[in-house]
Amino acid sequence: MAKAKSSAYRAGLKVRRKWLGKAYVDKAFRDADEFTIDLQHYVTEHGWGASWARGVLPLKTRSIMNLAMISALNRPHELEIHLRAAIRNGITKAEIKEIFIQVATYAGAPAAMDSFRIAKRILAEER
């Protein structure tokens, strides 16, 4: 019997699909296996539902915060995913640059340099 999904899960799935794109999210679930499916459910409920879907901060603000934190943590795969979503959802090249300059100031130039490299490639692809 399938476990009932919480309201946070349902809200998280809605926001996750809106921000990252339905095709991307549906592929993440489709590609999940017995080992990874629980992680997909976890990030949907807790990352997207209990955080992004709270409604207090605009999604753009949350995206800016995510780009800064993921950059500071130097997580290139997640940065690429969130950069693509941010661009698709209206965050500008100038805003991305300022986010990464802030990262350089508070988290260090190496993290910012990696983020600029990733962003430069993605911005060129998105043109």
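## Basis of the model

Helices are DSSP runs of H or I with at least four residues, numbered from the N terminus. The structure is a predicted model, in which local features need pLDDT of at least 70 and side-chain atom pairs count only at pLDDT 80 or more, while totals for chains, interfaces and linings use all residues. Residues are numbered from 1 along each chain as its sequence is written, and side-chain values use heavy atoms, with hydrogens and water left out.

## Salt bridges between and within helices

A salt bridge is counted where a side-chain nitrogen of Lys or Arg lies within 4 Å of a carboxyl oxygen of Asp or Glu. A search of the whole structure gives 10 salt bridges. One of them joins R84 and E125, whose closest N and O atoms are 2.5 Å apart. This pair links distant parts of the chain, since R84 belongs to helix α5 (residues 76-88) and E125 to helix α7 (residues 109-126), 41 residues apart. R84 also forms a salt bridge with E126, with 2.9 Å between the closest N and O atoms. Because R84 lies in helix α5 and E126 in helix α7, this pair ties together parts that are 42 residues apart in sequence.

Within helix α7, R121 and E125 are four residues apart, so about one helical turn separates them. These two residues form a salt bridge as well, the closest N and O atoms being 3.4 Å apart. E80, R84, R121, E125 and E126 are linked in a network of salt bridges.

The accessibility of these residues is judged by relative accessible area: buried means under 20%, exposed over 50%, and partly exposed in between (1.4 Å probe, protein chains only). R84 is partly exposed at 21%, and E125 is partly exposed at 45%. R121 counts as partly exposed at 37%, and E126 counts as partly exposed at 37%.

## Nonpolar cores

A nonpolar core is a set of buried Ala, Val, Leu, Ile, Met, Phe, Trp, Tyr and Cys residues joined through side-chain atoms within 4.5 Å. The largest such core has 16 residues, and L67, L79, L83, I96, F100 and A119 have the most contacts inside it. Helices α4, α5, α6 (93-107) and α7 each supply at least two residues of this core. Helix α7 gives the most, with six residues. A second, separate core has 12 residues, including L13, W19, W48 and A85.

Contacts (heavy atoms within 4.5 Å) show the surroundings of individual residues. Apart from neighbours within four places in sequence, L67 touches L79, H82, L83, A86, I96, I99 and F100. I99 lies in helix α6 and is buried, with a relative accessible area of 7%. With neighbours within four places in sequence again set aside, I99 is in contact with I64, L67 and A68. I64 is 35 residues from I99 along the chain, yet their C-alpha atoms are separated by 7.1 Å.

## Aromatic pairs

Rings of Phe, Tyr and Trp (its six-membered ring) pair if their centres lie within 6.5 Å; planes under 30 degrees apart count as stacked, over 60 as edge-to-face and the rest as tilted. By this rule there are three aromatic pairs. The rings of W19 and W52 have centres 5.7 Å apart and planes at 45 degrees, so this pair is tilted. W19 lies in helix α1 (residues 7-20) and W52 in the loop between α3 (37-49) and α4, so the pair ties together parts that are 33 residues apart in sequence. W19 is buried at 4% relative accessible area, and W52 is buried at 6%.

F100 and F116 form an edge-to-face pair, 5.7 Å centre to centre with 70 degrees between the planes. Because F100 lies in helix α6 and F116 in helix α7, this pair ties together parts that are 16 residues apart in sequence. F100 is buried, with a relative accessible area of 0%, whereas F116 is partly exposed at 31%. W19, W48 and W52 form one aromatic cluster.

## A nonpolar surface patch

Patches consist of residues with over 30% relative accessible area and no salt bridge; like charges are joined within 9 Å and nonpolar side chains (Val, Leu, Ile, Met, Phe, Trp, Tyr) within 5 Å. V56, L57, M65 and M69 form a nonpolar patch on the surface, with about 350 Å² of accessible area together. Accessible areas come from the Shrake-Rupley method with a 1.4 Å probe, and for residues only the protein chains shown count as cover.
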